[in-house]
Amino acid sequence: MTLKRSDIFDLKATALATEDEFLDSDGGGYDGDQYDREDRAALRRVAGLSTELEDVTEVEYRQLRLERVVLAAVWTEGTAEDADNSMRELAALAETAGSTVLAGLVQRRAKPDTGTYLGSGKAIELRDIVIAEGADTVICDTELTPSQRRALEDVVKVKVIDRTALILDIFAQHAKSKEGKAQVELAQLQYLLPRLRGWGESMSRQAGGQAAGGQGMGSRGPGETKIELDRRRINTRMAKLRREIKDMKTSRDTRRLSRKAHEVPSVAIAGYTNAGKSSLLNRLTGAGVLVENQLFATLDPTVRRAETEDGRLYTLADTVGFVRQLPTQLVEAFRSTLEEVADADLLLHVVDGSHPDPEGQISAVRAVLADVEAANVREVIVVNKADAADPEVLDRIRRHEKHSIVVSARTGAGLDELRALIAEELPRPTIDVEVLVPYDRGDLVSRLHEEAEVLSSEHTGTGTLLKARVHPELASELAAYAA
């Protein structure tokens, strides 16, 4: 059947309308204007399209062909269920990066083979699977050494990448802000530096004269090989990126200090990727952050203003998601971003209640938080996706995590209880004051209502008489107006 151009536009409009109806049927509640969703849907990659065309003039749009991948893993510890969960997560990462997963191979070993990661026999089996499935890429579920990757490529005869390279590729696709792009590029260069492969002695004519066993006249070059030039160029670029990220960190620190100076409490949202952090932020603040059912859909941190029911202001910050075996390069590059968690007054640790191993998610996130010195922040476990979770799993998490709450960002269940819990956990003003503020100092009255807990307010002939609980800094400013 031949489609006309008008038919294609009608199909696209119908698909977008169907998607909007699905998004609007999630139980109500404003989820923000997610303009990023339209940008990502502007070009969709479709698998299995052939370029063998009978009539080229009929083609108006060309779609991209997805990579066809086979997964490989070494199971060294834990149960078979743990190994399967890890493989499923790797498959989800591969699909997020833009590939079609064809098959997977898991080998039980005490430790990975130092040569080919899987061992010579299993590597040959993997090659046979690659040939049978018609794959063009192999993805391994750990970080390979350069020698392991080269040796495995020599056997399977297709491209081999590891888990770290896969996650870095996803971050590179999804980073949108200037700071996020710089952080991802720095992590990529840190990963690439020890894995550079030279081209023999290209640009390295270092031989001496014939008496020294060399090639004679005309054989003396600049003395620096091509791979050394590449390493120097990468190190120079990394130094520049570190300076840029440091300058961006200064701007972030300035905004954070401004909030602290005004005694505005901060709440950070952290958790495993695809646990529903952005959905929760949208529900609580209407931020309009992109929400997608895929791993690492949003990377750039978002800070929004929120207010408790009794009128106290606080900030709500969404951070980058975590994952098992998160590359150390990314933790280091995103350290300035993750400091939002370390400096927070309260941490909402979001967990996917419908995941096969939610306890494993909690452990993985806490390991990363310990790396960025955020382990001592007061933590509330927010078990999300209650509408899709097994009730027995929810009960098990509540028993193990005493300071926890169950919600559903999709349906809105439990959000009122979460707001009340946030208000209860946030630090409160501690100093009682009674002040008579002149009418020409309306700015102080406004600050009292924004930053303090006003107990009573009365208008008199000379000014506004207020009783309130305030923070120490504001108390010192109000000392001159004590009643």
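Of the 483 residues of the protein chain, 43% count as buried, where buried means under 20% relative accessible area, exposed means over 50%, and partly exposed lies in between, with a 1.4 Å probe and protein chains only. The structure is a predicted model, in which local features need pLDDT of at least 70 and side-chain atom pairs count only at pLDDT 80 or more, while totals for chains, interfaces and linings use all residues. Residues are numbered from 1 along each chain as its sequence is written, and side-chain values use heavy atoms, with hydrogens and water left out.

The protein chain exposes about 25500 Å², and carbon and sulfur atoms supply 50% of that area; accessible areas come from the Shrake-Rupley method with a 1.4 Å probe, and for residues only the protein chains shown count as cover. The secondary structure comes to 16 helices and 13 strands. Here helices (H or I, at least four residues) and strands (E, at least two) are DSSP runs, numbered from the N terminus. Among contacts between residues at least 6 apart in sequence, 68% join residues at least 24 apart; contact means heavy atoms within 4.5 Å.

## A covered strand

Let's look at β8, where seven of its seven residues are buried. In a regular strand the side chains alternate between the two faces of the sheet. In β8, Leu346, Leu348, Val350 and Asp352 point one way, Leu347, His349 and Val351 point the other way, and all are buried.

Which strands pair with β8? Strand β5 runs parallel to β8 and is joined to it by five bridges, and β9 also runs parallel to β8, with six bridges. Two strands pair if DSSP finds at least two bridges between them.

At 0% relative accessibility, Val350 counts as buried. Leaving aside neighbours within four places in sequence, its contacts include Ile269, Tyr272, Lys277, Leu280 and Asn384. Gly276 is another of its contacts, and the C-alpha atoms of Val350 and Gly276 are separated by 7.1 Å, although the two residues are 74 apart along the chain.

Helix α14 (residues 415-425) also meets β8: its buried residues pack against β5, α9, β7, β8, β9 and β10. Those buried residues are Leu415, Leu418, Leu421, Ile422, Ala423 and Glu425.

## Two antiparallel arrangements

Strands β6 (residues 302-307) and β7 (residues 313-318) pair in the antiparallel sense over six bridges. Thr302 has Asp318 in β7 as its bridge partner. Their hairpin has five residues between the strands, and Gly311 takes a positive phi near 90° there.

## Loops and a charge over a ring

| Residue | Relative accessible area | Class |
|---|---|---|
| Pro112 | 33% | partly exposed |
| Tyr117 | 2% | buried |
| Lys157 | 66% | exposed |

Pro112 is found in the loop between β2 (99-108) and α4 (120-133), and Tyr117 lies in the loop between β2 and α4. Leaving aside neighbours within four places in sequence, Pro112 is in contact with Val74, Thr76 and Tyr117. Tyr117 has a phi near 75°, a positive value in a residue other than glycine. Lys157, in the loop between α5 (146-156) and β4 (159-162), has a positive phi of about 65° although it is not a glycine.

What sits over the ring of Trp75? The charged end of Arg108 does, 4.3 Å from the ring centre; a charge sits over a ring if NZ of Lys or CZ of Arg is within 6 Å of the ring centre and within 35 degrees of the ring normal.
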